[in-house]
Amino acid sequence: MISTRALLYHKEKESNRRRQAANGFFLVISTRLQGQVFFFITKLGRKVKRIKMVEGRVVVISALQFACSDDVSTNVDTAERLVRAAHQKGAKIILIQELFEGYYFCQAQREDFFQRAKPYKEHPTILRMQNLAKELGVVIPVSFFEEANNAHYNSVAVIDADGTDLGLYRKSHIPDGPGYQEKFYFNPGDTGFKVFQTKFAKIGVGICWDQWFPEVARAMVLQGAEILFYPTAIGSEPQDDGLDSRDHWRRVMQGHAGANLVPLVASNRVGKEIIQTEHGKSEITFYGNSFIAGPTGEIVATADDKEEAVLVAEFDLDKLKFKRYSWGVFRDRRPDLYKVLLTLDGSNISQ
């Protein structure tokens, strides 16, 4: 079935007579045919002599959700099974949750847990995901605990659809609170916010706590990110059984999608995990609710708080690009007024 939409664009008048002949309204028709989107550009009120045809970029993206054991092999097997399931649903970019190789160990400050870290190069899980990505022709951001000489990072390697490792992002914002004691394990990331040109789209990847900072999303979209991805591990608060951050967590990221007019994917784990700490047992119930948001912040796919899930959603990136351009939020930015963002307390603003 063919669906047709028309948008009217007005071209500003110019004094040059030859250019005046080209003034007026232009009709841009997007048509979907056999899974592809085509844009036909012509002019109203004139006989059509030529029609320019441009292929649109429609991409299916996915968020995975599952409960982790504390066995690396079991968890990586589960991740691969769900990546294959997402591929069967047509997904081309597939997000696995944060630190999926095992339990979320940051509930405790334990020296022995540093043994879970491995160097980036020749990392066995990354190598396996490279082979999987190449086999299926999909993009996979891979979260892992990185050892780099005497430093340690909460990192993501982005694997392209041909199995190529496109590079590394290291988590910039490191939380420290009951149940989420990441500062004990992770150095602050030193890569800066990055955008990765994959086969299907330019993507930006933040990691968990990064998702609470609007500056991260804006920085990635300013660099050309067309979709934002956030692998996550978040759930209950061990110090306060009555604190449930789920809805707040989701609304913040919906705001990032809407403010930047891009789709956003969040992948979280589910299940109860108990870790032995220096003060006894600590327990977190991870609340899942992985989701995919559209470019106005609308939820287009969501999981529940208990079950394994494979979410998918389709977006026309060229159509969204024109929507983003026309909305004007990037046209009307005033970077010259944002120097206060370079301070911690809003004072001592450099001129």
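Student: In this predicted model, what is the handedness of the crossing in which H4 passes H5?

Tutor: The model is a predicted one, and in it helix H4 covers residues 214-222 while helix H5 covers residues 246-260. Their axes come within 10 Å and cross at roughly 35°. The crossing in which H4 passes H5 is right-handed.

Student: Which residues in H5 are met by residues of H4, and how many residues of each class does the contact have?

Tutor: From H4, the residues taking part are Pro214, Ala217, Arg218 and Val221, and in H5 they meet His256, Ala259 and Asn260. Sorted by class, the contact of H4 with H5 has 4 nonpolar, 2 polar and 1 charged residues.

Student: Where does pLDDT stay under 50?

Tutor: For the protein chain the mean pLDDT is 88, and 84% of the residues reach 70 or more. Where pLDDT is low, the predicted coordinates should not be read in detail. That caution applies to a stretch for which the model has 94 contacts beyond four places in sequence, and in which pLDDT stays under 50, namely residues 1-54.

Student: What percentage of the contacts between residues at least 6 apart in sequence join residues at least 24 apart?

Tutor: The protein chain has 6 helices and 20 strands, and of its 351 residues 48% count as buried. Among the contacts between residues at least 6 apart in sequence, the share that joins residues at least 24 apart is 64%.

Student: Why is the pair of Phe145 and Phe186 given the class it has, and which class is that?

Tutor: A pair of aromatic rings is described by the distance of the centres and the angle of the planes. The structure holds 20 aromatic pairs, and in the one formed by Phe145 and Phe186 the ring centres are 5.2 Å apart. The planes of these two rings stand at 90°, so the pair is edge-to-face.

Student: How many residues apart in sequence are the parts that the pair of Phe145 and Phe186 ties together?

Tutor: Both Phe145 and Phe186 are buried. Phe145 lies in strand E7 (residues 140-148), whereas Phe186 lies in the loop between strand E11 (180-181) and strand E12 (195-197), so the pair ties together parts whose separation in sequence is 41 residues.

Student: Is Tyr185 buried or exposed?

Tutor: The rings of Phe184 and Tyr185 have their centres 4.9 Å apart and their planes at 85°, so this pair is edge-to-face. Phe184 is partly exposed, with a relative accessible area of 33%. Tyr185 has a relative accessibility of 2%, so it counts as buried.

Student: Is Leu261 buried or exposed?

Tutor: Leu261 has its place in the loop between H5 and strand E15 (264-267), and its phi is near 55°, a positive value in a residue other than glycine. The relative accessibility of Leu261 is 4%, so this residue counts as buried.

Student: And is Asn348 buried or exposed?

Tutor: Asn348 is found in the segment after helix H6 (317-327), and although it is not a glycine, it has a positive phi of about 55°. With a relative accessibility of 73%, above the 50% cut-off, Asn348 counts as exposed.

Student: How far apart in space are Ile94 and Val142, C-alpha to C-alpha?

Tutor: Ile94 lies in strand E6 (residues 93-95) and is buried, with a relative accessible area of 0%. Beyond its neighbours within four places in sequence, Ile94 has contacts that include Ser62, Leu64, Val138 and Ile140. Ile94 and Val142 are 48 residues apart in sequence, and their C-alpha separation is 9.6 Å.

Student: What separates the C-alpha atoms of Arg170 and Ser155?

Tutor: Arg170 has its place in strand E9 (residues 165-170) and is buried, with a relative accessible area of 13%. Leaving aside neighbours within four places in sequence, the residues in contact with Arg170 include Glu146, Ser155 and Asp190. Arg170 and Ser155 are 15 residues apart along the chain, and their C-alpha atoms are separated by 4.4 Å.

Definitions and conventions:
Residues numbered from 1 in each chain as written. Predicted model: local features only at pLDDT ≥ 70, side-chain atom pairs only at ≥ 80, totals over all residues. Heavy atoms only, no water. Axes fitted to C-alpha atoms, helices over the stretch in contact; angles between N-to-C directions. Helix = DSSP H or I, 4+ residues; strand = E, 2+ residues; numbered from the N terminus. Left-handed = near helix turned anticlockwise from the far one by under 90°. Contact = heavy atoms within 4.5 Å. Nonpolar A, V, L, I, M, F, W, Y, C, P; charged D, E, K, R; others polar. pLDDT = per-residue confidence, 0-100. Phe/Tyr/Trp six-rings, centres within 6.5 Å; stacked < 30°, edge-to-face > 60°. Buried < 20%, exposed > 50% of the residue type's maximum accessible area, 1.4 Å probe, protein only.
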